[in-house]
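Hi,

Here is the structure I said I'd pass on to you. Have a look at it first, and then read my notes below.

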Amino acid sequence: TLTFKTAPDRIGSSVVVMRLTEVGISNPRQSSSKTFTINLAPVNDAPVFTLPPTLDVFEDQGLVSISAFAAGIGPGPATAIDEAAQKLTITTTALDPAAFTVLPTIDATGRLQFRTRPDFNSSISNLVFTVSVVDDGSSVAPNKNQSPTKTFTINVIPVNDPPTFTLTRSRI
């Protein structure tokens, strides 16, 4: 039985030369050498990224734009150099899209952008989002072209709005 373990994300060929030797006798004999090749085919690894679990913003803050909100975005592990040219698509899904005038999106650089609707705050319930990354590599098993889904929560902190009033003109 031949047993071996490859280094992570290695591809290519390796030539193995084997020779059997008798042990435990005074005149050990050796067989002729046998050669075979182990070929390691590339496998598409799932894309990778990290997200902070929560983000706090203020009510009526306007367009929120945070660079590098998602970090470490890549088509696979750093050791998977055969995947570096793959194109990535990042999908963000809001569980409560009605809370926004600009839905949350994350671009390829990790920049998060969104705008909540006027006077919206989430002091009662938080806004949860799911994010996944898909690469344009193969998805046929054992290949994986989609990252595991991750979530983050946006907490919209209420702001005390100034009072409003209307003057009316009356005749005396």
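**The ring cluster**

Phe69, Phe100, Phe114, Phe129 and Phe152 are linked into a cluster by ring pairs. Before you go further, keep in mind that this is a predicted model.

Searching the whole structure turns up 4 aromatic pairs. One of them is Phe69 with Phe152: the ring centres are 5.0 Å apart and the planes sit at 65°, so this pair is edge-to-face. Where do the two residues lie? Phe69 is in the loop between β5 and β6 (71-74), while Phe152 is in strand β11, so the pair ties together parts that are 83 residues apart in sequence. And are they buried or exposed? Phe69 counts as buried, at 7% relative accessibility, and Phe152 is buried too, with a relative accessible area of 0%.

Phe100 and Phe129 make another edge-to-face pair, with 5.5 Å from centre to centre and 65° between the planes. Here Phe100 belongs to strand β8 and Phe129 to strand β10, so the pair ties together parts that are 29 residues apart in sequence. Phe100 is buried, with a relative accessible area of 9%, and so is Phe129, with 1%.

If you zoom in on β5, you'll find 3 bridges joining it to strand β9 (residues 112-116). Ser65 has Gln113 in β9 as its bridge partner.

Another open sheet has 4 strands, ordered β4-β11-β10-β7, this time with mixed pairing. Its edge strands are β4 (54-58) and β7 (88-94), and each pairs on one side only. Neighbouring strands here are turned by 25° against each other on average, again with direction ignored. How many bridges join β7 to strand β10? There are 7, and the two strands (β10 covers residues 127-135) run antiparallel. Look for Thr92, which stands opposite Val131 in β10.

**On the surface**

Last stop: Phe58, Ile157 and Val159 form a nonpolar patch on the surface, and together they have about 230 Å² of accessible area. Ile157 is part of strand β11 (residues 150-157). With a relative accessible area of 30%, Ile157 is partly exposed.

Happy browsing!

Note on methods. Residues numbered from 1 in each chain as written. Predicted model: local features only at pLDDT ≥ 70, side-chain atom pairs only at ≥ 80, totals over all residues. Heavy atoms only, no water. Patch = residues over 30% accessible without salt bridge, like charges linked within 9 Å, V, L, I, M, F, W, Y side chains within 5 Å. Areas by Shrake-Rupley, 256 points an atom, 1.4 Å probe, with all protein chains shown as cover. Salt bridge = Lys/Arg side-chain N within 4 Å of Asp/Glu carboxyl O. Buried < 20%, exposed > 50% of the residue type's maximum accessible area, 1.4 Å probe, protein only. Pairing = 2+ DSSP bridges. Axes fitted to C-alpha atoms, helices over the stretch in contact; angles between N-to-C directions. Phe/Tyr/Trp six-rings, centres within 6.5 Å; stacked < 30°, edge-to-face > 60°.
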